[in-house]
Amino acid sequence: LHDEVGSSLTRIYFQADLLRMKEENAPALQKIADTSRDALTTMSDMVWSIDARFDTAADLVSRMRDYIVKLQQELGLGCSFQVTGGYEDKPLSQIIRQNFFLIFKEAVNNAARYASEGAVNIHLHFGKRLELTVQNPCEEPPRSMAGYQVGQGLEHMKLRAGRMKGELETCAGKGAFKVRLSV
């Protein structure tokens, strides 16, 4: 999947990018290039999440850090990422690694989308349970949160948490919106 679809998407990305430099249809071609780049990133994340070579918590933390750096570069987003607890030698099952990472991505993307100002704060704790908290500042009452709270993203996060026998909580108030995952 990665080799076949990935090479096709890469060709589309480069072709659209080349045409964008030569043509007047630059905005439309930029959308094609962006979409294919996003598809490549998503496919890379999915392949990573099922690859048994990356079955440790250290691999998960590394992938999360990479994702945050890319997001900060693309959006100019302020973001803090704190990791606590011992995790270097801790194994993670494929089900946990895949679903945890996809919930993390969805929560961070939504936090970036709905943050009113300031930084998105992410805390990952390794203890008896694996806990993730993603918090973003938001206006009181939260602006445009209705679409997030009832949209597919939150529902998918809840389904993924259930697959891991985990708990997902959200709360809005005091100028912040928080997603908390515990597995």
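Biologist: How many aromatic pairs does the count come to?

Modeller: The structure is a predicted model. Two rings are taken as a pair if their centres lie within 6.5 Å. By this rule the number of aromatic pairs is 4.

Biologist: Tyrosine 67 and phenylalanine 101 form an aromatic pair; of which kind is the pair?

Modeller: A pair of aromatic rings is described by the distance of the centres and the angle of the planes. For tyrosine 67 and phenylalanine 101, the centres are 6.3 Å apart and the planes stand at 80 degrees. Planes over 60 degrees apart count as edge-to-face, so the pair of tyrosine 67 and phenylalanine 101 is edge-to-face.

Biologist: How many residues apart in sequence are the parts that this pair of tyrosine 67 and phenylalanine 101 ties together?

Modeller: Tyrosine 67 belongs to helix α3, residues 57-75, whereas phenylalanine 101 belongs to helix α4. The pair therefore ties together parts whose separation in sequence, in residues, is 34.

Biologist: Are tyrosine 67 and phenylalanine 101 buried or exposed?

Modeller: A residue counts as buried under 20% relative accessible area. Tyrosine 67 has a relative accessible area of 13%, so it passes this test. Together with phenylalanine 101, tyrosine 67 is described by the word buried.

Biologist: What is the distance, centre to centre, between tyrosine 67 and phenylalanine 104?

Modeller: Tyrosine 67 and phenylalanine 104 form an edge-to-face pair, with 70 degrees between the planes; their distance, centre to centre, is 5.9 Å. Tyrosine 67 lies in helix α3 and phenylalanine 104 in helix α4, so this pair ties together parts 37 residues apart in sequence. The centre-to-centre distance asked for is 5.9 Å.

Biologist: Which residues does lysine 105 touch, not counting residues up to four places away in sequence?

Modeller: The position of lysine 105 is within helix α4. Its relative accessibility is 11%, so lysine 105 counts as buried. With residues up to four places away in sequence set aside, lysine 105 is in contact with Thr42, Asp45 and Tyr67.

Biologist: In what order do the 5 strands form the open sheet?

Modeller: The chain has 6 helices and 5 strands. The strands form an open sheet with mixed pairing, in the order β1-β2-β3-β5-β4.

Biologist: Which strands stand at the edges of the sheet?

Modeller: A strand at the edge has a single partner strand, so one side of it is left without a neighbour in the sheet. The strands in this position are β1 (79-84) and β4 (167-173).

Biologist: In which sense do β1 and strand β2 pair?

Modeller: Strands of a sheet pair through backbone hydrogen bonds, either parallel or antiparallel. Serine 80 has asparagine 121 as its bridge partner in β2. Across 6 bridges, β1 and β2 (residues 120-126) pair in a sense that is parallel.

Biologist: In which sense do β4 and β5 pair?

Modeller: Glutamate 169 stands opposite arginine 180, which is in β5. The two strands form a hairpin with 2 residues between them, and lysine 174 in the turn has a positive phi of about 55 degrees. Over 7 bridges, the sense in which β4 and β5 pair is antiparallel.

Biologist: At about how many degrees to β4 does helix α6 run?

Modeller: Helix α6, residues 152-163, lies across β4 and β5. Its direction relative to β4 is about 145 degrees.

Biologist: Within what arc do the buried residues of α6 fall, seen down the axis?

Modeller: The buried residues of α6 are Gly153, Leu154, Met157 and Ala161. They line one face of the helix, because seen down the axis they fall within an arc of 95 degrees.

Biologist: How far does helix α2 reach from its first C-alpha to its last?

Modeller: Helix α2 covers residues 26-50, which is 25 residues. At 1.5 Å a residue, a span of 36 Å is expected, and the model comes close to this value. Among the buried residues of α2 are Leu29, Met43 and Trp48. From first C-alpha to last, α2 reaches 36 Å.

Biologist: What percentage of the 183 residues in the chain do buried residues make up?

Modeller: Read along the sequence, the chain has the pattern α-α-α-β-α-β-β-α-α-β-β. Of its 183 residues, the buried share is 38%.

Conventions: Residues are numbered from 1 along each chain as its sequence is written. This is a predicted model: local features need pLDDT of at least 70, side-chain atom pairs count only at pLDDT 80 or more; totals for chains, interfaces and linings use all residues. Side-chain values use heavy atoms; hydrogens and water are left out. Two strands pair if DSSP finds at least two bridges between them. Helices (H or I, at least four residues) and strands (E, at least two) are DSSP runs, numbered from the N terminus. Contact means heavy atoms within 4.5 Å. Axes are lines fitted to C-alpha atoms, for helices over the stretch in contact, and angles run from 0 to 180 degrees between N-to-C directions. Rings of Phe, Tyr and Trp (its six-membered ring) pair if their centres lie within 6.5 Å; planes under 30 degrees apart count as stacked, over 60 as edge-to-face and the rest as tilted. Buried means under 20% relative accessible area, exposed over 50%, partly exposed in between (1.4 Å probe, protein chains only). The arc is that of the directions from the helix axis to the C-beta atoms. The expected span of a helix is 1.5 Å times one less than its number of residues.
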